[in-house]
Amino acid sequence: MTSKSLFFKLIRQDWKQRLWCFVLAMTVFFFVLPVSGAVVVSGAEWRTAEQTSEAIMSYVSEGSVLLLAVTLTGAVICGVSGFAFLQSRKKVDFYHSLPVRRETLFAVFYLDGVLLYLVPYLINLLLFLVITAGRCQDPGLLLHDAFAYLGMHLAYYLLIYTVAVLAVMLTGNLLASLLGFCCLSFYGAAVQAVNWMYHRYFYETFWSDKAEIYFHASPVISYGFSLSELSEALDGGSGQLWGRIGWVLLAAAVILAVSLLLYRLRPSESAEKAVAFPLSKPVLYVLLSVPSVLSGTMFFITLTAGYETLWMIFGLIFSWLIVHGFLQIIMESEFKAIFRGRIHMGAAGAVSAVILAVFVFDLTGYDSYRPTEDRFASAAVAFGNLNENIYEWTDVGEVSAYENHVDVAMKRMAYTDYQTLEELLDLTVSNRAGETAEAESFPDSADLSMKEREAAETAEGSDSEGAEGTVRTGTVLYVKFSLKNRKEVYRSYWLQEGTDLEVIDRIFSTAEFKEGSYPLLTMTEEEAQGAYFDNGVEIVDVGLDHAGLARLLRTVQKEYRELTLYNIEEIPYGQLNFLKTRQEEGMPYYPEDDQPYYYIYPSMTETIALLEEAGLEGWPLSGLNAGYEGVVDGSDLYYYAVDRSGMEAVEQSGLEEDYITTQYQRVYSGEQLRELLPAAVPGDWLWANDMVLTAESWLHMDLMIGGMPEEEETSVYCRFPEGRVPDFVREDLRYDVYLQLVN
Amino acid sequence: MIEVKQVSKKFEDIKALDQVSVSIQEGSVFGLVGTNGAGKSTLMRIMSGVLKADSGSVSVDGHPVYENLRAKELIFYISDEAYFFPSATPNDMEQYYRSVYPGFGHDRFGKLMAQFGLEEKRKIKTFSKGMKKQLSILLGICANTKYLFCDETFDGLDPVMRQAVKSLFAQEMTQRGLTPVIASHNLRELEDICDYVGLLHRGGILLARDLDEMKFHIHKIQCVFRHEGDEEKAFAGMEILQKEKRGSLYTVTARGTREGILRQVQEADPLFAEVLPLSLEEIFISETEVVGYDIKKLVF
């Protein structure tokens with residue numbers, strides 16, 4: 001008998017034995033595909049043809065979530081059941097005594113596992129298409145997308161199925177195989193996650209956003225991500241996904257080869273044992289134990305806010321013992337095994353302790369890292385609380401990805417002054433002593449190490465009026481070091497409140513920093529298609545022709561290059577938004593979706609002159625005061641007082657809790673309002689540059705336009721920058737009493 | 001011929017086989033005897049290519065057996081716990097074996113199934129233990145391999161069925177030169193079928209002998225002498241394995257031919273002398289006691 005005919009005979013025989021698997025797969029796919037398709041189509045009576053067509057196309061993409069679950073489950077079932085004979089001595093004796101090469105047996109069972117998925121899927125997909133194609137406006141597209149999804153599911157099925165097969169090769173019983181599959185599927189991502197956690201907790205300069213966990217190390221997680229990207233990719237998005245599918249297939253092939261090799265080497269007596277290769281036990285033990293012990297240790301460290309060191313030691317020892325017991329019971333299939341294996345237990349404990357020590361004592365010098373000048377090429381610098389209004393949309397195929405101000409700077413900036421950069425880094429501080437104010441940063445304080453955040457949370461908050469010329473609110477400093485060997489190193493630091501702005505301003509004022517931070521500075525006249533101006537009350541089209549627009553753009557660019565950080569401390573005159581695309585008639589359009597708004601500062605006199613020439617007026621709306629009222633609300637004062645001094649002291653002081661009362665609200669108009677407005681800022685303008693311009697937290701003003709508020713659009717929410725609240729307002733709102741309470 | 005040379009096998013800390021060497025000639029029935037845990041199944045599994053020996057070699061007709069199709073095609077292995085596909089019938093198993101053993105006798109299988117009263121289309125899971133064993137043997141015989149390894153296969157058979165199977169083996173051996181290798185812990189069961197017997201104990205071969213040769217060269221004689229002292233003359237120079245005296249009756253097991261032993265005893269002019277047949281048990285007891293083992297404890 002030729003090997004080929006034997007192969008096909010064995011396939012046929014195996015299908016007979018695994019008929020249950022085929023029937024199960026057919027049933028599941030039948031419900032997920034043709035039945036669900038029929039349900040979608042049967043609602044056509046209440047929908048338009050277009051809606052039905054869209055519903056069908058949506059099901060192909062959204063229904064893939066169901067197919068993901070089916071594929072994942074099927075891969076594990078087929079992988080484990082197909083080679084389950086290796087877990088039974090009787091079956092091993094049967095199969096391995098036959099005059100059939102192991103390679104042939106492997107090929108038969110492996111291929112059957114693939115066919116048991118593919119054949120039911122194909123049959124039911126064809127039924128689905130037969131049912132739905134007639135109702136679809138573009139059957140060709142339906143066919144295209146349906147088979148694209150099939151290809152995606154099949155690629156990941158092959159990968160996950162092969163991983164399940166590998167798990168069976170390495171183990172000898174069902175429980176161990178399933179646990180082995182989980183380990184193989186998530187180990188890479190899990191180790192990275194533990195590493196990330198430790199970096200984030202122990203290293204102050206760790207920039208968590210830039211230390212991404214490569215989730216594609218896990219075939220299961222990668223599957224989820226890839227599936228969510230397929231719809232976009234089919235719309236002409238990035239070709240990255242197709243490349244990844246190639247890697248998936250390659251990985252499946254490599255794992256398949258390894259599985260086959262292991263099967264050839266696998267001793268038949270491994271049946272019914274947890275681990276098939278005894279020599280691999282210590283290696284597996286250490287590989288599994290160390291990340292688990294470290295995870296457990298971290299759990300205990302973060303359990304409470306105090307006694308961190310004690311919890312760390314306790315967590316290390318406790319986790320070490322528990323993990324050892326668990327692994328021993330699984331590997332030896334016996335409870336008493338927890339008292340054995342002291343050598344590899346000791347090894348795992350030692351490795352875990354060493355790794356922990358590396359982080360605790362920063363033995364690699366992570367936090368103190370600074371490239372030497374001879375290795376330094378350039379840097380990108382961004383501040384968490386500065387220029388938060390800046391963003392960019394980056395095209396990825398036919399869709400766009402949003403990049404915030406830090407991303408923009410990291411992408412565009414190449415700052416080369418090493419010495420000044422060193423001076424800036426010397427200004428940064430450690431938060432270990434918890435001496436800094438509560439951190440407010442963008443993206444958020446999660447970028448600080450957890451120890452910094454914990455320290456900040458326990459530190460006293462600051463209600464100080466920061467001095468001009470200093471950092472008003474503690475800020476994260478993001479730095480990308482680009483080295484001459486093309487390596488990039490990312491770090492984040494902390495600039496505490498009160499840090500002098502002089503060094504920061506020196507960096508800010510450079511062309512390298514400006515052009516890296518403000519994409520507007522590289523916009524060309526040809527690109528500028530229009531502009532909108534926001535004066536704090538309304539947003540209007542500047543209404544300039546192309547020449548006027550070009551002139552305005554050039555002026556703004558010139559004056560932005562001349563700006564200093566001290567100019568940013570001014571209350572803006574308004575905001576300008578230059579557009580690269582024009583609004584299509586009849587289409588809803590949000591200008592800010594195209595390009596960010598840039599603040600126009602009082603020091604930008606030429607720009608202001610051009611705007612006024614165009615008939616526009618900025619804040620504080622000198623020509624619009626008549627008929628306006630300002631409702632100033634300082635009711636938060638009461639709660640701050642209670643928080644700081646306690647209820648009893650507050651009651652004794654005479655401050656009372658009452659929202660609707662003359663005690664905390666005042667209405668100003670006329671001269672008083674005219675005096676008040678220059679000290680106020682539209683609230684929307686105060687979020688982007690907290691580093692140098694922060695608001696008094698205890699009051700705000702609603703600028704009422706044309707009388708008492710009835711609708712939201714008739715008022716403008718305003719805040720007051722620190723230190724600029726007029727005295728008469730403070731007196732009216734009993735701010736002096738509050739100060740007495742808290743000092 | 002199957003050659004096992006210096007084979008050792010260890011399972012973690014347990015030494016299952018220790019330097020075992022044995023030759024199994026074609027055309028003879030080889031019995032592998034030993035207590036539970038002696039290493040019989042391990043040796044069978046190694047010989048059939050299921051397990052790989054830690055050291056030593058196993059060859060079948062000159063071909064190393066492990067992962068070697070040329071050797072495995074010559075062997076059919078019936079495990080002590082035979083595996084059948086879930087919900088399979090004898091027909092299903094026959095079809096599977098037919099795809100694997102090209103020489104499988106389909107017609108012969110049908111006839112034998114009928115002969116043994118087993119239904120071909122009945123689910124095997126409804127068979128008794130003995131019926132499953134019968135089925136395994138029939139499948140093995142119909143595979144038409146040169147060697148048939150039976151691991152404790154006879155244990156579940158009733159005496160009638162055992163006899164039937166023995167006849168079948170004899171027929172196969174005569175017609176096509178089948179060489180059965182039978183492992184059992186029951187000497188009595190093997191006595192009338194085996195030509196060659198190997199005794200396995202604690203992973204080692206204690207003895208491996210041709211049965212007829214063993215029987216030819218060991219005899220038990222009972223005699224009564226006329227005078228005291230006559231027995232010394234009678235037994236002088238004889239290789240005595242066992243000697244027992246009850247009153248005047250001497251029962252002696254000695255190595256030698258029947259005629260030689262009888263002649264020597266007759267020269268002492270005994271009152272009575274008779275050579276008695278030895279069972280396989282008695283032969284084994286005698287042989288192993290010589291090397292210091294109490295075979296009764298080992299095998300019975």
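How many helices and strands does the secondary structure of chain A come to? The count is 25 helices and 14 strands. Keep in mind that this is a predicted model.

**Chains and domains**

- Chain A has 743 residues, and buried ones make up 50% of them.
- If you take the contacts in chain A between residues at least 6 apart in sequence, 78% join residues at least 24 apart.
- Chain B splits into domain 1, covering 2-211, and domain 2, covering 217-299.
- The centres of those two domains of chain B, taken over C-alpha atoms, are 36 Å apart.

**Nonpolar cores**

- The largest nonpolar core runs to 162 residues. Phe83(A), Tyr95(A), Met47(B) and Phe169(B) have the most contacts inside it.
- α7(A) gives this core its largest share, with 19 residues.
- Another core, of 104 residues, lies apart from that one, and its members include Val381(A), Tyr493(A), Phe508(A) and Met604(A).
- Back to Tyr95(A): setting aside neighbours within four places in sequence, Tyr95(A) touches Phe85(A), Leu105(A) and Phe109(A) in chain A, plus Tyr83(B), Phe85(B) and Tyr96(B) in chain B.

**The largest cavity**

- Searching the whole structure turns up five cavities of 30 Å³ or more. The largest of the cavities holds about 160 Å³ of space.
- Its lining takes in 17 residues. Nearest the centre of the largest cavity are Phe94(A), Phe76(B), Tyr77(B), Ile78(B) and Tyr97(B).
- By class, the lining of the largest cavity has eleven nonpolar, three polar and three charged residues.

**The second largest cavity**

- This one holds about 90 Å³ of space.
- Its lining is made up of Leu33(A), Tyr59(A), Val60(A), Gly63(A), Ser64(A), Leu67(A), Tyr121(A), Leu125(A), Phe128(A), Ala146(A) and Tyr149(A).
- Four helices of chain A each put at least two residues into this lining: α3 (49-62), α4 (64-82), α6 (102-132) and α7 (139-170). The largest share, three residues, comes from α6(A).
- The lining of the second largest cavity has nine nonpolar and two polar residues, with no charged ones.

- As a rule, most residues other than glycine have a negative phi, and most peptide bonds are trans. The spots below go the other way.
- Trp619(A) and Pro620(A) are joined by a cis peptide bond, with omega at about 15°. Pro620(A) sits in the loop between α20 (605-613) and β10 (628-633) of chain A.
- Ser333(A) isn't a glycine, yet has a positive phi of about 55°. You'll find Ser333(A) in the loop between α12 (308-332) and α13 (342-360) of chain A, and its relative accessible area of 48% makes it partly exposed.
- Asn144(B), also not a glycine, has a positive phi of about 60°. Look for Asn144(B) in the loop between α5 and β7 (147-151) of chain B. With a relative accessible area of 37%, Asn144(B) is partly exposed.

Definitions and conventions: Residues are numbered from 1 along each chain as its sequence is written. Chains are lettered from A and ligands numbered from 1 in the order in which they are written. This is a predicted model: local features need pLDDT of at least 70, side-chain atom pairs count only at pLDDT 80 or more; totals for chains, interfaces and linings use all residues. Side-chain values use heavy atoms; hydrogens and water are left out. On a 1 Å grid over the protein atoms alone, a cavity is a set of points where a 1.4 Å probe fits but cannot get out, and a pocket is an open set with protein on both sides within 12 Å along at least five of seven lines; lining residues have an atom within 4 Å of a point. Grid points are joined across faces, edges and corners, and a volume is the space filled by probe spheres set on the points. Ala, Val, Leu, Ile, Met, Phe, Trp, Tyr, Cys and Pro count as nonpolar, Asp, Glu, Lys and Arg as charged, and the others, Gly among them, as polar. A nonpolar core is a set of buried Ala, Val, Leu, Ile, Met, Phe, Trp, Tyr and Cys residues joined through side-chain atoms within 4.5 Å. Buried means under 20% relative accessible area, exposed over 50%, partly exposed in between (1.4 Å probe, protein chains only). Contact means heavy atoms within 4.5 Å. Domain bounds come from an automatic or database domain assignment.
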